[in-house]
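Me: I would like to go through the terms used for this structure and check each against its cut-off. Please take them one at a time.

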Amino acid sequence: MESGPAIFAGTAFGLFGAALLLWTGVRLAQRAPVAHGVSPGRAAALTATASVVALALGAWCFGRL
């Protein structure tokens, strides 16, 4: 009964983290701004950190199964 929410949360966190990391990488490769009004290095670091945290949370949720 408890595995259903863990699978859903792990999938949601994993997909969000992967998509955010991919989006950030594409924006940096195109030399496009990651976030408007923020320095490019700081925006890239913040989004990369958020994506790694989301991926880690997804892995943690799957590890709890």
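Reply: Go ahead; bear in mind that the model is predicted.

Me: Why is Ser 51 called buried?

Reply: Its relative accessibility is 0%, and buried means under 20%, so Ser 51 counts as buried.

Me: Which residues are in contact with Ser 51, leaving aside its neighbours within four places in sequence?

Reply: Gly 17, Leu 20 and Leu 21 are. Contact here requires heavy atoms within 4.5 Å.

Me: Where does Ser 51 lie, and which other residues there are buried?

Reply: Ser 51 lies in helix α2, residues 40–63. Also buried in α2 are Ala 43, Ala 44, Thr 47, Ala 54, Gly 58 and Cys 61. The buried residues of α2 pack against α1, residues 3–29.

Me: How do you know that the span of α2 agrees with its number of residues?

Reply: The 24 residues of α2 should span 34 Å at 1.5 Å a residue. The end C-alpha atoms of α2 are 34 Å apart, so the two values agree.

Me: What does the UniProt annotation cover, and what is the chain like there?

Reply: The unreviewed UniProt entry annotates residues 41–62 as "transmembrane region". Over residues 41–62 the model is 100% helix and 0% strand, with end C-alpha atoms 32 Å apart.

Me: What makes α1 roughly antiparallel to α2?

Reply: Their axes come within 7 Å and cross at roughly 155 degrees. Angles over 145 degrees count as roughly antiparallel, so α1 is roughly antiparallel to α2. The crossing in which α1 passes α2 is left-handed.

Definitions and conventions:
Residues are numbered from 1 along each chain as its sequence is written. This is a predicted model: local features need pLDDT of at least 70, side-chain atom pairs count only at pLDDT 80 or more; totals for chains, interfaces and linings use all residues. Side-chain values use heavy atoms; hydrogens and water are left out. Helices (H or I, at least four residues) and strands (E, at least two) are DSSP runs, numbered from the N terminus. Buried means under 20% relative accessible area, exposed over 50%, partly exposed in between (1.4 Å probe, protein chains only). UniProt positions are given in the numbering used here, feature names are shortened, and annotations may be inferred rather than shown by experiment. The expected span of a helix is 1.5 Å times one less than its number of residues. Axes are lines fitted to C-alpha atoms, for helices over the stretch in contact, and angles run from 0 to 180 degrees between N-to-C directions. Angles under 35 degrees count as roughly parallel, over 145 as roughly antiparallel, 65 to 115 as roughly perpendicular and the rest as oblique. A crossing is left-handed if the near helix is turned anticlockwise from the far one by less than a right angle, and right-handed if clockwise.
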